[in-house]
Amino acid sequence: MSAATLIGTVGGVGYLRPAPGTWGSLAALPLAWVLHQMGGFPLLALATAGAYFAGLWATRVMTAGQADHDPSEIVIDEVAGQFLALWALSLPAWLHGLDISALWPGWIAAFVLFRLFDITKPGPVGWADRRGDPMGVMLDDIVAGLFAAIGTALLAGLFHGVLGL
């Protein structure tokens, strides 16, 4: 397996069926937990940027000369987007010295919202996806991750702040 394929498929996770994008997002969860445990939010943020740029390169290599600009086995984009969605948990946990594992409802919300935005591709997510190039492959998941992070933070504010739960 080439380096580009190893990165693009996240070590072969992209070959799992059905729904390889969901498998890629699921694979990101324990990776994000380990990164946060090792270095807090700063390490997760660096890993997000690393996954984005490595994914951009891997996608360029894997799709060069092919008609399909976004083959389903490329799931590094889901990992980068899911990492970004989890910033809504990692940053406050890191800032306040909280155990990120205790924020388990947020993990569920970040995962579900990310998958929802990645699959339905509303507004800017769909625009990025329609670019039809490696940048679009990566960017649509980054935008979906940003939407999911915002949604997760809003849900946390609603449940903890407004409802006092």
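1. A kink of about 130 degrees lies at Gly 39 in α2, shortly before the proline Pro 42; the bend at a residue is the angle between axes fitted to the seven residues ending there and the seven starting there. The model is a predicted one, in which local features need pLDDT of at least 70 and side-chain atom pairs count only at pLDDT 80 or more, while totals for chains, interfaces and linings use all residues. Residues are numbered from 1 along each chain as its sequence is written, and side-chain values use heavy atoms, with hydrogens and water left out.

2. Helix α2 covers residues 20–63, where helices are DSSP runs of H or I with at least four residues, numbered from the N terminus. With 44 residues, α2 would reach 64 Å as a straight helix at 1.5 Å a residue, yet its end C-alpha atoms are only 17 Å apart; the expected span is 1.5 Å times one less than the number of residues. Just after α2, Gly 65 takes a positive phi of about 75 degrees.

3. The axes of α2 and helix α4 (residues 87–96) come within 10 Å and cross at roughly 135 degrees, axes being lines fitted to C-alpha atoms, for helices over the stretch in contact, and angles running from 0 to 180 degrees between N-to-C directions. That makes α2 oblique to α4, since angles under 35 degrees count as roughly parallel, over 145 as roughly antiparallel, 65 to 115 as roughly perpendicular and the rest as oblique.

4. On the α2 side, the contact with α4 (heavy atoms within 4.5 Å) is made by residues including Gly 40, Phe 41 and Pro 42, and on the α4 side by residues including Trp 87 and Trp 94. The residues of this contact divide into 8 nonpolar, 4 polar and no charged, with Ala, Val, Leu, Ile, Met, Phe, Trp, Tyr, Cys and Pro counted as nonpolar, Asp, Glu, Lys and Arg as charged, and the others, Gly among them, as polar.

5. The axes of α2 and helix α3 (residues 76–85) come within 5 Å and cross at roughly 45 degrees, and the two helices are therefore oblique to each other. By class, the contact of α2 with α3 has 14 nonpolar, 6 polar and 1 charged residues.

6. The loop between α1 (3–8) and α2 deserves a check of its backbone, as Pro 18 lies in it and a cis peptide bond, with omega about -5 degrees, joins Arg 17 and Pro 18. Ala 19, in the loop between α1 and α2, has a positive phi of about 55 degrees although it is not a glycine.
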